[in-house]
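Open the model in your viewer and keep the selection panel at hand.

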Amino acid sequence: MSRLRIYEDTRHDTPLAVYEDHAAIAAALNAVGVRFEQWEANQPIAPGASQDEVIAAYRQDIDRLMRENGYQAVDVISLKPDHPDRAAFRQKFLNEHTHSEDEVRFFVAGAGQFTLHLDGKVYEVLCEKGDLIGVPDGTPHWFDMSESPYFVAIRLFTNVEGWVAKFTGEDIAERFPRMTPHTSASTDL
Ligand SMILES: CSCCC(=O)/C(O)=C/O
Ligand SMILES: [Fe+2]
Ligand code: NI
């Protein structure tokens, strides 16, 4: 189940609000300029699938996003808990950073947790299969896949070079909850 928890950025212990309903999550995120939508993700793709398999399975959705939004490049992160480099992958996104383009991610299997730092608040978004999130350029954020990653996310870029991040040097991410390993791994492929 997808979930949004909103915190004051100075108080990591008690959320101001928690939403588990897709429409409520979308409304709260849309209100601060963040895209959040439910897309069909019913192709038989499991974490660990290759980038080529995932792109072939979701070619129509990718083409639609590229056409409508002018994205220039696409790649895939597909990880399961036994990946030998899972700790390094996790570390790459764990600290607060920004991008000079919107961060658009379509989860086609499993789950991952984005945390956005906006206007004095922290928006922790647990994204699951079928969720499409679009974080505006320049928004400080971080991403956690837990110590036991289990997800496939399609990433769209306007920059032909793909993923480029600017780290803020702030340690705020260390004070907020990390993702707990997803519990429905065997049921929500
Ligand atoms: C869920 S896609 C991997 C994370 C990523 O690309 C990013 O920029 C996280 O902030
Ligand atoms: Fe990012
Ligand atoms: Ni779930």
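Which residues coordinate the nickel ion (ligand 3)? Select Met-1 and Glu-128: the donors are N of Met-1 and two OE entries of Glu-128, at 2.5 to 2.7 Å. Donors here are N, O and S atoms within 2.8 Å of the metal (3.2 Å for Na, K and Ca); water is not among the atoms, so sites may look incomplete.

Before you move on, note that this is a predicted model, in which local features need pLDDT of at least 70, side-chain atom pairs count only at pLDDT 80 or more, and totals for chains, interfaces and linings use all residues. Residues are numbered from 1 along each chain as its sequence is written, chains are lettered from A and ligands numbered from 1 in the order in which they are written, and side-chain values use heavy atoms, with hydrogens and water left out.

Now trace the chain at the nickel site. Met-1 lies in the segment before strand E1 (3-8), and Glu-128 in strand E7 (residues 121-128), 127 residues apart. Helices (H or I, at least four residues) and strands (E, at least two) are DSSP runs, numbered from the N terminus. Met-1 is exposed, at 60% relative accessibility; Glu-128 is buried, at 8%. Buried means under 20% relative accessible area, exposed over 50%, partly exposed in between (1.4 Å probe, protein chains only).

Next, show the aromatic side chains. The whole structure holds 11 aromatic pairs. Rings of Phe, Tyr and Trp (its six-membered ring) pair if their centres lie within 6.5 Å; planes under 30 degrees apart count as stacked, over 60 as edge-to-face and the rest as tilted.

Select Phe-93 and Phe-143. Their ring centres are 6.1 Å apart and their planes at 80°, so this pair is edge-to-face. Phe-93 sits in helix H4 (residues 86-93) and Phe-143 in strand E9 (residues 141-144), so the pair ties together parts 50 residues apart in sequence. Phe-93 is buried, at 6% relative accessibility.

Where do you find Arg-64's charged end? Look over the ring of Trp-39, 4.3 Å from its centre.

Key: Lys NZ or Arg CZ within 6 Å of the ring centre and 35° of its normal.
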